[in-house]
Amino acid sequence: MSQAEADALVLSDDPEHPANLIPELCASFYHLGWVTGTGGGISIRQGNKVYIAPSGVQKERIKPEHIFVLPFPRPSPDVFLRKPTIPLKESACTPLFWNAFELRGAGSCVHTHSQHAVMTTLLWSGDVWQVSHLEMIKGVRIGGMGKALSYLDTIIVPIIDNTPFEEDLKDSMAQAMVKYPDAAGVLVRRHGVYVWGADWEKAKTQTECLDYLFEVSVKMKLAGLLS
């Protein structure tokens with residue numbers, strides 16, 4: 001594939017094209033405090049192509065030409081359909097995004113460094129966070145991909161321990177996803193959260209709902225309203 005053909009994968013006038021959506025969404029997440037300090041991001045899978053932002057860049061300033069395009073499935077970590085023409089590295093979250101694509105069949109995965117997620121992992125010392133009887137639970141789907149939960153359901157998100165390097169979380173995240181098949185995300189202690197969905201809208205919606213639930217449950221716990 002020529003460079004012009006590769007670049008055509010990320011150049012589109014369609015605002016719904018993944019290469020246009022990722023910069024827009026990353027800027028939105030930045031202003032929510034989810035992806036500050038170049039951390040976090042979102043990936044989008046469309047059929048046999050995965051669109052991923054670069055690592056170590058200002059997330060509110062990403063442009064379509066900065067986007068990597070990878071094949072799905074990916075035969076090896078060094079295979080790309082398209083790389084940026086400037087020296088950038090694909091997101092360090094890529095192996096974790098792949099867990100969502102392979103283990104859940106997700107169409108999109110979001111990673112945030114939300115303070116609400118981090119505080120949740122500090123106040124819940126076990127290997128899961130759970131809460132029930134809160135309205136925003138209804139915005140989260142079983143396994144991130146199934147039917148919506150109800151107000152009466154207990155929502156559970158596993159918590160895994162952080163590692164010095166992002167890619168080293170791949171195996172423990174996968175193990176947590178297998179152990180808790182109904183979970184729509186995985187919390188990483190002292191780090192953040194990964195959330196997935198059937199498409200970018202559902203991944204974004206569930207990330208918003210979970211972040212709300214993390215914040216409220218932390219406040220409830222600090223107020224002595226949760227055991």
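Both faces of strand β7 are covered: Gly185 and Leu187 are buried on one side, and Val186 and Val188 are buried on the other. The model is predicted.

**Around β7**

β7 has strand partners. Strand β6, residues 154–160, pairs with β7 in the parallel sense over two bridges. Ile159 stands opposite Leu187 of β7. From β6 the chain crosses through α5 to β7, and this β-α-β crossover is right-handed.

Strand β8, residues 192–197, runs antiparallel to β7, and four bridges join them. Here Val188 stands opposite Gly192 of β8. The hairpin of β7 and β8 has three residues between the strands. Arg190, placed in the loop between β7 and β8, has a positive phi of about 60° although it is not a glycine. Arg190 is exposed, with a relative accessible area of 63%.

Ala183 sits in the loop between α5 (170–179) and β7 (185–188). Ala183 counts as buried because its relative accessible area is 4%, under the 20% cut-off. Beyond residues up to four places away in sequence, Ala183 touches Arg104, Gly143, Gly144, Ile156, Pro158 and Trp196. Ser12 is 171 residues from Ala183 along the chain, and their C-alpha atoms are separated by 35 Å.

**Aromatic rings**

A search of the whole structure finds seven aromatic pairs. Two of them are listed here.

| Pair | Ring centres | Plane angle | Geometry |
|---|---|---|---|
| Phe29 and Trp34 | 5.2 Å apart | 40° | tilted |
| Phe72 and Trp98 | 5.7 Å apart | 55° | tilted |

Phe72 lies in the loop between β3 (68–71) and α3 (94–104), and Trp98 lies in helix α3, so the pair ties together parts that are 26 residues apart in sequence. Phe72 is buried, with a relative accessible area of 17%. Trp98 is buried too, at 7%. Phe72, Trp98 and Phe101 form one aromatic cluster. As for the other pair in the table, Phe29 and Trp34 are both buried.

Charged side chains also meet rings. Arg74 lies over the face of Phe80, at 4.7 Å from the ring centre. Lys221 lies over the face of Trp124, at 4.3 Å from the ring centre.

**Backbone geometry**

Which peptide bond is cis, with omega near 0°? The bond from Phe72 to Pro73 is cis. Pro73 is found in the loop between β3 and α3.

Thr38 is a residue other than glycine with a positive phi, near 70°. Thr38 is found in the loop between α2 (18–31) and β1 (41–46). Is Thr38 buried or partly exposed? Thr38 is partly exposed, because its relative accessible area is 24%.

**Record annotation**

In an unreviewed entry, UniProt lists residues 20–218 for "domain: Class II aldolase/adducin N-terminal". Over residues 20–218 the chain is 31% helix and 21% strand. The end C-alpha atoms of that range are 34 Å apart.

Methods: Residues numbered from 1 in each chain as written. Predicted model: local features only at pLDDT ≥ 70, side-chain atom pairs only at ≥ 80, totals over all residues. Heavy atoms only, no water. UniProt positions renumbered as here; feature names shortened; annotations may be inferred. Buried < 20%, exposed > 50% of the residue type's maximum accessible area, 1.4 Å probe, protein only. Contact = heavy atoms within 4.5 Å. Phe/Tyr/Trp six-rings, centres within 6.5 Å; stacked < 30°, edge-to-face > 60°. Lys NZ or Arg CZ within 6 Å of the ring centre and 35° of its normal. Pairing = 2+ DSSP bridges. Right-handed = clockwise from strand over helix to strand, strands pointing away.
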